[in-house]
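Please read the report below alongside the sequence and the coordinates.

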Amino acid sequence: MLRDSFGRVATDLRVSLTDKCNLRCTYCMPPEGLDWLPNAQLLTADEIVRLVTIGVERLGITEVRYTGGEPLLRRELPDIVGRTVALDPRPQVSLTTNGIGLARLAGVLVEAGLDRVNVSLDTLDRDTFKRLAHRDRFDDVIAGLSAAHEAGLRPVKVNTVLMRDINDHEAVPLLRYCLDQGYELRFIEQMPLDAQHGWSRENMVTADEILAMLSASFDLTADDLEDRGSAPAERFLVDGGPARVGVIGSVTRPFCGACDRVRLTADGQIRNCLFATEESDLKTPLRAGASDEELAARWIAAVSRKRAGHGIDDPSFLQPSRPMSAIGG
Ligand code: SAM
């Protein structure tokens, strides 16, 4: 098992398939993009599946989420999903995506065995989308969302980051839209993970603010706060339910004590926390011929060093050198 020194057990593996993305969301990266990892440094599909197999079959991973960067940019994604669901015991397999290309791929991914999808959508306004993501791809995202729904993925979750004076007036319309479409919306507080280091606490739209905006138009009742487990989102029934909305207060309402996540970057590094400043290299030993036992032992050691909390409130907090796109959100 992947147990840390505080007794938390990691069962949820987030795998970044690439650091590249076809959007440039301002809370993530600059408009000109970043220096992408050279292809030779990216894990191949076989290497990814080998490490995921070790995680699932030896180390107790029960959920695998493919992310990035933008995971739909990896042509081998359906193959990787298909090989992941064939593992024994079969893990739950999900995807976090910006939705561009999902209109074409949703059916193929469902056929490969994909269980769930989260699609990022921060605005319902085409011009705001362009301003926020520096690309005119709003229609592709909307089409991707409805294709995911039509392909039978349930629930289709929508991730939204609100930014002050850009899209923070859209909390209510976004929730109305998601209720109408049958999607489950989750707001995520903006975290200090952008490549430009432009995050500031004053500009962050907090969970309290989001709930106040929503409560002015909807009746919100805490849903499963007693039984939240390791889920990052606090969920609320909207107008008595059954529809729900989630708020992930990563900064102001941290949930590190219940964290069950571990991350594998696209270049084969294990990160025991989004905000970790240290990584453990699995790619080098893997390419040097390490056995499954040796790789598992390195992975166990990496998780055992997980800190108690992300420490954003510590005066000594240092933003990780890798941005979100390179870690895998
Ligand atoms: N490209 C995919 C997507 O857009 O969903 C997957 C990767 S993206 C890094 C994963 C999630 O992280 C997205 O929902 C995005 O909104 C969120 N994200 C990125 N940077 C963030 C930040 N600084 N704070 C909070 N969430 C962030």
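C28 counts as buried because its relative accessibility is 14%, where buried means under 20% relative accessible area, exposed means over 50% and partly exposed lies in between, with a 1.4 Å probe and protein chains only. The model is a predicted one, in which local features need pLDDT of at least 70 and side-chain atom pairs count only at pLDDT 80 or more, whereas totals for chains, interfaces and linings use all residues. Residues are numbered from 1 along each chain as its sequence is written, and side-chain values use heavy atoms, with hydrogens and water left out.

The cysteine closest to C28 by sulfur position is C25, but the two sulfurs are 6.5 Å apart, which is too far for a bond. A disulfide is taken here as a pair of cysteine sulfur atoms within 2.5 Å, and by this rule the count of disulfides is zero. C256 is likewise in no disulfide, since the nearest cysteine sulfur, belonging to C273, is 6.2 Å away. With a relative accessibility of 17%, C256 also counts as buried.

The largest nonpolar core contains 102 residues, and Y66 and W299 have the most contacts inside it. Such a core is a set of buried Ala, Val, Leu, Ile, Met, Phe, Trp, Tyr and Cys residues joined through side-chain atoms within 4.5 Å. Helix α1, residues 45–59, gives the most to this core, contributing eight residues; helices (H or I, at least four residues) and strands (E, at least two) are DSSP runs numbered from the N terminus. In soluble globular proteins, nonpolar side chains tend to be buried together.

Which residues come nearest to the ligand? There are 17 residues around the ligand, and Y27, G69, E70, S120 and M191 come nearest, where a residue is near a molecule or strand if one of its heavy atoms lies within 4 Å of it. The shell divides into six nonpolar, nine polar and two charged residues; in this division Ala, Val, Leu, Ile, Met, Phe, Trp, Tyr, Cys and Pro count as nonpolar, Asp, Glu, Lys and Arg as charged, and the others, Gly among them, as polar.

A polar contact is a pair of N or O atoms within 3.5 Å; within protein, one must be able to donate a hydrogen and the other to accept it, and residues adjacent in sequence count only if both atoms are side-chain atoms.

| Residue | Protein atom | Ligand atom | Distance |
|---|---|---|---|
| Y27 | backbone N or O | nitrogen | 3.0 Å |
| T97 | polar backbone atom | oxygen | 3.3 Å |
| S120 | polar side-chain atom | oxygen | 2.6 Å |

Taken alone, the ligand exposes 540 Å², of which the protein buries 95%; these accessible areas come from the Shrake-Rupley method with a 1.4 Å probe, and for residues only the protein chains shown count as cover.

Most residues other than glycine have a negative phi, and most peptide bonds are trans. In this model, however, D88 and P89 are joined by a cis peptide bond with omega of about 0°, and P89 is found in the loop between α2 (77–85) and β3 (92–97). The peptide bond from R154 to P155 is cis as well, with omega near -15°, and P155 is placed in the loop between α5 (138–150) and β5 (156–160).

H134, although not a glycine, has a positive phi of about 55°; H134 lies in the loop between α4 (126–133) and α5 and is partly exposed, because its relative accessibility is 29%. H197 also has a positive phi of about 55° without being a glycine, is found in the loop between β6 (184–188) and α7, and is partly exposed with a relative accessible area of 47%.

Some helix positions remain. L211 is in helix α7, residues 207–215, and is buried, with a relative accessible area of 11%; L211 and P155 are 56 residues apart in sequence and 22 Å apart in space, C-alpha to C-alpha. R287 belongs to helix α8, residues 283–287, and is partly exposed at 39% relative accessible area. A301 has its place in helix α9, residues 292–304, and is partly exposed at 28%, while the C-alpha atoms of A301 and R65, 236 residues apart along the chain, are separated by 22 Å.
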